[in-house]
Amino acid sequence: MSLREKLNALSKELFFGERVSIRPIRDDDDLWYAVVECRLLPEQEDFVNPAGFSIGRAYLSPADNYPCVILDENGRRIGYIVLREWLGDGKAYNWSYYLDKDSQGRGYGRAAALLAVRVLKAADPDMPIKLSTEQKNVKAQRLYESIGFVRSDEMDGDDLVFVR
């Protein structure tokens, strides 16, 4: 069963956390938000792939990619996340995400990361989750470690890899 099939089979309630929810991109408004409106601070732009790249990857391999928007407790779009199969060595799940610059610093990023862990572990409790980050992205590294990820010896190109 593909990742997309596993995620679609889960209870929709699993995609709702205390502070945020994750919803698959479902219409032009979600797509426009993820690709055009959701913006990072300039100093963060080199740390993540643009949403358009991830959505293009999902188009090319839909079974392995699940592009979503992140919503706050009021249902307002505040970020973008793609849940996906790990592209590096070994089988694992992965995600790439970011919050709009106007929604950062409020705990939403941490809440979204914890929710992504919950959803991916519900899809397959035995599948490891691997996250990669630029070596200079210390903020992401601290976040990953604070939610139970451990830095591994593995590298993803020049990026550090964290595993849970």
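This is a predicted model: local features need pLDDT of at least 70, side-chain atom pairs count only at pLDDT 80 or more; totals for chains, interfaces and linings use all residues.

**Buried cysteines**

Reply: Let us begin with C38, which is buried, since its relative accessible area is 1%. Residues are numbered from 1 along each chain as its sequence is written, and side-chain values use heavy atoms, leaving out hydrogens and water.

Me: How many disulfides does the rule give?

Reply: A disulfide is a pair of cysteine sulfur atoms within 2.5 Å. By this rule, the count is zero. C38 takes part in no disulfide, and the nearest cysteine sulfur, that of C68, lies 13 Å away. C68 is likewise in no disulfide; for this residue the nearest cysteine sulfur is that of C38, 13 Å away. C68 is buried, for its relative accessible area is 0%.

**The overall fold**

Me: How many helices and strands does the protein have?

Reply: Helices (H or I, at least four residues) and strands (E, at least two) are DSSP runs, numbered from the N terminus. Here there are five helices and seven strands. Along the sequence they follow the pattern α-β-α-α-β-β-β-α-β-α-β-β.

Me: What radius of gyration does the protein have?

Reply: The radius of gyration is taken over C-alpha atoms, and the globule rule is 2.2 Å times the number of residues to the power 0.38. For 164 residues, a compact globule would have a value near 15 Å; the protein has 15 Å, which agrees. Its C-alpha atoms fill a box of roughly 40 × 40 × 30 Å along the principal axes. Buried residues account for 46% of the 164 residues.

Me: Which residues of the largest nonpolar core touch the most other members?

Reply: In soluble globular proteins, nonpolar side chains tend to be buried together. A nonpolar core is a set of buried Ala, Val, Leu, Ile, Met, Phe, Trp, Tyr and Cys residues joined through side-chain atoms within 4.5 Å. The largest has 36 residues, and L7, I81, L83, W95, Y97 and F149 touch the most other members. Elements that each supply at least two residues of this core include α1 (3-9), β3 (77-85) and β7. Helix α4 gives the most, with 10 residues. Apart from this core lies another, of 11 residues, among them A34, L71, V82 and Y98.

**Reading the faces of a helix**

Me: Which residues of α3 are buried?

Reply: In α3, the buried residues are A51, S54, I55 and A58. Because they cover an arc of only 100 degrees around the axis, they are on the same side of α3; the arc is that of the directions from the helix axis to the C-beta atoms. The face turned away from this side carries the exposed residues Y59 and L60. Among the elements covering the buried residues of α3 are α2 (28-37), β2, β3 and β4. S54, with 1% relative accessibility, counts as buried. Not counting residues up to four places away in sequence, S54 touches N49, Y80, V82 and R84.

Me: Which residues of α5 are buried, and which are exposed on the face turned away?

Reply: In helix α5 (residues 138-146), A140, Q141, L143 and Y144 are buried. They cover an arc of only 165 degrees around the axis, and are therefore on the same side of α5. K139 and R142 are exposed residues on the face turned away from the buried side. The buried residues of α5 pack against β4 (93-99), α4 (108-123), β5 (130-133) and β7 (159-163). After α5 comes G148, with a positive phi near 100 degrees.

Definitions and conventions
Buried means under 20% relative accessible area, exposed over 50%, partly exposed in between (1.4 Å probe, protein chains only). Contact means heavy atoms within 4.5 Å.
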